[in-house]
Structures are given as structure tokens and as C-alpha cells.
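Please look over the sequence and the structure first.

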Amino acid sequence: MRAVVLDAPGPPEALRVRELPVPVPAAGEVLIRVTAFGLNRSELHTRLGLADGVTFPQVPGIEATGVVAACPGGEFAPGQQVIAMMGGMGRTFDGGYAEYTRVPVSQVLPFRSDLDAATLGAVPEMLQTAHGALTVGLDVRAGQTLLVRGGTSAVGLATAVLAKQRGLTVLATTRDLARADVLERAGVDHPVLDDGAVAERVRAIVPGGVHAALELVGTPTLPETLAATRVHGVVCFAGMLSNRWTVPDFYPIGYLPRGVRLTGYSGDASDLPVDVLQGFLDDVAAGSVAVPLARTFDLDGIVEAHRLMEHGSAGGKLVVLP
């Protein structure tokens, strides 16, 4: 099979397509023929040498979409459509950047859909993070206001789609208002220019601040996101588009606005209910929601795809069709 291999941290050119043996699954594992895989910032962190616990050489990729090729334990039937994500994929064992991937049964979710491969490939980790952040991280309710910081990212756009389904008023940031149409297509009610005055702009729209905020940029913008949130509101830290995820010399009383709550979210395959996955795909097929798919590549385009992801200008999910 053809697979992308990363021998050591480096620039996009460090990702090389090679011929590898097709993995042989053992009991408790699933061999998936990959039809598509999405790109994630997690894989950028791995390539840059910023991720912990990674062994090299490595086939990156924390997610994959495809069909079951083999499952010795019988948990999934050959030909079943599945997604796989997390659980060490692309870090402690070879991940989804390949024509085949071997993963633990616990990381696999089944679905049925006639949607095209690219659309299906965009969904797994994007949906898991957006759904988990809204439900576990923020516990949002209909009628509330939500700020999405990093709104034109794939997760940001997916969060807006799900939030509108739940009856929220959505504000989302962009560094370039020329991209406001991307936000509006995802259902965002109020695009907000991210120019260093986000809290002020948000409070001009929502006096008193938003009920909930999702921080996807990272710690550089977190203080302003907190400042845009009302007393007893909640901010969920769930992304690091800036590649910065720690707060030096964190002093909670001085850092957190009085009465604003800060939480975090990081999920696994088990955090995405099968019915939520299937329901989302059915809604996409019915045309009631859209997947923010930015661009597709073949396996030989992985360097270009990573370069675009690192630049941060995709405006949606990048997907590879191996």
C-alpha cells in the first residue's frame, strides 16, 4: 500500500509517500481500507515535533474514513462503512495517512451513507470536537449566545452549524472580514473582526457578554475571549490554531475575570455517539446542514495540503483521497 511517512519532525517536505506492507490485524483490531482522511492541527504539531509521546518513523493521521477490510474478532463486518479516530492513531501507532490503516476496535464507529468520500472524510474529528465542546465543554442551551474564536477553522465552522441546530445565536471571529461569507454560509449570525478588540466588538452586539465561548486559537487570544463572556458564562478551551497551549505563570485570580468559568475539552471516538454521527450525515444528505469542506488532495498532494494547513487560510476542512 501507499502511505505517508514522517521519519522525524520537519517542514512539510518531511512527509514522504512510500510503499509499505498492508497491516495485518489481530483480534481486537480492524483493518480499514481508507477512502478519505481529514487533516488536523494535531498532525501539524506532530510534524513540528511539538506533540508528546510520538514515535518515529510514523504514518501520521488521527482519523480516517473508509470500509472494513478485515476484523478478526467479528465486531465489524467486511464492507461496513466506518470512521476511526484518536486513541494513539498517528502517534503511538501508524495512523490514517495511508491506503489502509489498522486500529483498535474501540476507536471505530459504523455508519451508512451515500455521501461522496471527500464529504465523509471531513467529518470524524471535526464533528467529534464540535459536538463534544458544545455538550460536554459548554453545556449550551437554546436561546443562548455563543462566540466561536477561530471561526473559519474547520472545527469552528462545524461548531456554528451544530450551534444553529440547537437554537443558539452565533458570533464567530475572522481575521479578514472578506471571509465573512464563509462564516455566514455556516449559519453564523454575527461575523466579528479579530483585530485585537474582540471583547469590545462582542459586547457591542451582546451587552453584558456571551453566555458561552469556544476558544480554538489558543492561549494568545484566551484572555480576550474570557473578557467577551458574561458573569457565570463559560469558556471552553478546545483548540490551538496558534500552536500555543500553555499560560506561563498562571495566576487564576489575576487571569480569570470575576465569575467567568473556564473549562476544556478533548475527546475520543467514544465521545461521539453513533446516533449523532449518523444523524449528522443524514442531515447533510438531506441538505439541511453543510460540511465545511475547503479542498481535496490526492496522496501525492500531502506536502501542499500540510503547507496550506500550516498557513491557516483554508477556510474549512482539508481532505485527502488516497
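## Terms and basis

Two strands pair if DSSP finds at least two bridges between them. Strands (E, at least two residues) and helices (H or I, at least four) are DSSP runs, numbered from the N terminus. The model is predicted: local features need pLDDT of at least 70, side-chain atom pairs count only at pLDDT 80 or more, and totals for chains, interfaces and linings use all residues. Residues are numbered from 1 along each chain as its sequence is written, and side-chain values use heavy atoms, with hydrogens and water left out.

## The parallel sheet

C236 stands opposite T263 in β13. The strands β12 (residues 229–237) and β13 pair in the parallel sense, over 4 bridges. They belong to an open sheet of 6 strands, ordered β10-β9-β8-β11-β12-β13, with parallel pairing. β10 (190–193) and β13 (261–264) are at the edges; each has a single partner strand, so one side of each lacks a neighbour in the sheet. From one strand to the next, the twist averages 20 degrees.

Helix α6 (residues 198–205) packs on this sheet. It touches β8 (145–149), β9 (169–174), β10, β11 (210–215) and β12. Its direction makes about 150 degrees with that of β10. Contact means heavy atoms within 4.5 Å. Axes are lines fitted to C-alpha atoms, for helices over the stretch in contact; angles run from 0 to 180 degrees between N-to-C directions.

## Aromatic pairs

Rings of Phe, Tyr and Trp (its six-membered ring) pair if their centres lie within 6.5 Å; planes under 30 degrees apart count as stacked, over 60 as edge-to-face and the rest as tilted. The whole structure holds 2 aromatic pairs. F37 and Y97 have ring centres 4.6 Å apart and planes at 20 degrees, so they are stacked. F37 lies in strand β3 (residues 29–38) and Y97 in the loop between β5 (81–85) and β6 (100–104), so the pair ties together parts 60 residues apart in sequence. Both F37 and Y97 are buried. Buried means under 20% relative accessible area, exposed over 50%, and partly exposed in between (1.4 Å probe, protein chains only).

The rings of F250 and Y255 have centres 5.2 Å apart and planes at 70 degrees, so this pair is edge-to-face. F250 is partly exposed, at 41% relative accessibility.

## Helix contacts

The axes of α1 (residues 41–48) and α10 (residues 302–311) come within 10 Å and cross at roughly 105 degrees. That makes α1 roughly perpendicular to α10 (under 35 degrees is roughly parallel, over 145 roughly antiparallel, 65 to 115 roughly perpendicular, the rest oblique). R41, E43, L44, R47 and L48 of α1 meet H306, M309 and E310 of α10.

G132 sits in helix α3 (residues 124–137). It is buried, at 2% relative accessibility. Beyond its neighbours within four places in sequence, G132 is in contact with G137 and Y265.

## Cysteines

A disulfide is a pair of cysteine sulfur atoms within 2.5 Å. The count is 0. C71 is buried at 11% relative accessibility, and C236 is buried at 0%.

## Backbone exceptions

Most residues other than glycine have a negative phi, and most peptide bonds are trans. A cis peptide bond joins F56 and P57, with omega about 0 degrees. P57 is in the loop between α1 and β4 (63–70).

N243 has a positive phi, near 65 degrees. D249 has a positive phi, near 50 degrees. N243 lies in the loop between β12 and α8 (252–255), and D249 lies in the loop between β12 and α8. N243 is partly exposed at 22% relative accessibility, whereas D249 is exposed at 78%.
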